[in-house]
Amino acid sequence: MSVRTPMTLASVEAEAGLRAAVALDPAAVVATVRESGMKGRGGAGFPTGLKWQLAAAAPAADGRRYVVCNADEGEPGTFKDRVLLDELADLIFEGMTIAGYAIGSTEGILYLRGEYIYLLADLEECLARRRAAGLLGTGILGRPDFTFDIRVHLGSGAYVCGEETALIESLEGRRGEPRNRPPFPVISGLHGAPTTVNNVETLAWAAAILAKGADWFAAIGTDRSTGPKLLSISGDVTRPGVYEFPLGVSIAEVLAAAGGEDARAVIVGGAAGTCVPARAFSRAISYEDVRTGGAVIVIGPYRDMLEVAENLQWFFVNESCGQCTPCRVGNIKLLEGIQMLRRGECTPEHLEDLTRLGATMQVASKCGLGQSSPNVFLSLIQSYRSEILGRVPATI
Ligand SMILES: Cc1cc2nc3c(=O)[nH]c(=O)nc-3n(C[C@H](O)[C@H](O)[C@H](O)COP(=O)(O)O)c2cc1C
Ligand code: SF4
């Protein structure tokens, strides 16, 4: 049975955010989002107001700017965006419309994960309803100078297309391969135009911030991690599901809510996240401590941690786009190393080599996929070194 705690987002009055936004000038909308302190809910944690400010200020050759909603949600263990898309599509589209107003864009695109195709008809219907209600199109809310519309683009099931520049490549009809950065999308994104790429949850909270005020949002959470956060909690818990907590919540509190108090470890942030052992469950889920785009995977007391690591490593071997060597080859070498460790065939020296390889991948890979792919392995080695080395036969 999957649990759904009450979501603050569900209580936000329809169009209150959009009405509040168009009563301000675009720069004041950006300022409101900046004052809320909100950081992006997609994982990287870039301040949303600053991203909008940069996109609004960047020169646009033909006057075009784009708002892209990243609904690719492919991180293993993350499913909170799916719930928002299913239940609160209006609020997401409202957030996109506010972003369009703030950065001076007339076109928004929601990039929908291929596997979420079953949501497409409802999303299209919601867009049609909003057009008919004067909430999209020309003259939004009776303002002749405000034109904005949204279309949905369906992805094809590649995890790397969640990376914002690969997503833009895919939108332009090419293979979803990450671009070199800089330039960042806010300067040169879709078709070379300034583009803000934001997570589904980020855009929904943006609408809530305009509706309820920056102070309301900033009063929740910690100084550097403001606001509530949706978490997708899965694995060895009695009550998996989507939960809302203020940022700064401890892992222990999350486990108590979801029924995972006996966990031996938690992977916060999904396959590319951090493995936190039980002795560190007082750590906080926040941008200044353990960060996550939303995934909390609970590992029960009887799990083999190396089996968990091997499972995640297969994911990266399969999902690497192959463009750069540290990620393409490094992930295969890490997988082989984990398999050797599981068989007790890995020497302590080779384990050191694997640790160095992981650290090299973190700095030398071209995009966030390769940079974060060794995270779970490295945090596991740090936390369970003696246990893992205990599997190495002394004679090797
Ligand atoms: C491999 C990879 C996959 C990603 N997948 C997603 C995703 O599914 N959804 C998402 O919002 N961000 C994803 N991101 C992060 C995006 O690149 C980008 O930082 C995010 O969409 C920005 O939105 P935000 O500032 O609102 O968080 C991914 C990053 C990487 C490296
Ligand atoms: S890090 Fe991996 S996914 Fe990213 S560009 Fe390199 S090979 Fe592709």
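This note covers the pockets of a predicted model.

1. Basis. Because the model is predicted, local features need pLDDT of at least 70 and side-chain atom pairs count only at pLDDT 80 or more, while totals for chains, interfaces and linings use all residues. Residues are numbered from 1 along each chain as its sequence is written, and side-chain values use heavy atoms, with hydrogens and water left out.

2. Largest pocket. Its volume is about 1,400 Å³. A pocket here is an open set of points, on a 1 Å grid over the protein atoms alone, where a 1.4 Å probe fits, with protein on both sides within 12 Å along at least five of seven lines; lining residues have an atom within 4 Å of a point. Volume is the space filled by probe spheres set on the points, which are joined across faces, edges and corners. The lining has 46 residues, and Gly42, Gly43, Ala44, Gly45 and Gly162 are the closest to the centre.

3. Its lining. Two or more residues each come from helices H3 (48–57), H4 (80–87) and H14 (368–372) and from strand S6 (195–199). S6 gives the most, five residues. Helices (H or I, at least four residues) and strands (E, at least two) are DSSP runs numbered from the N terminus. By class there are 23 polar, 12 nonpolar and 11 charged residues; Ala, Val, Leu, Ile, Met, Phe, Trp, Tyr, Cys and Pro count as nonpolar, Asp, Glu, Lys and Arg as charged, and the others, Gly among them, as polar.

4. Second largest pocket. The volume is about 240 Å³. Of its 14 lining residues, Ile299, Glu307, Val308, Asn311 and Leu312 are closest to the centre. Strand S11 (295–299) and helix H11 (305–319) each give two or more residues, with the largest share, five, from H11. The lining has eight nonpolar, two polar and four charged residues.

Methods. Chains are lettered from A and ligands numbered from 1 in the order in which they are written.
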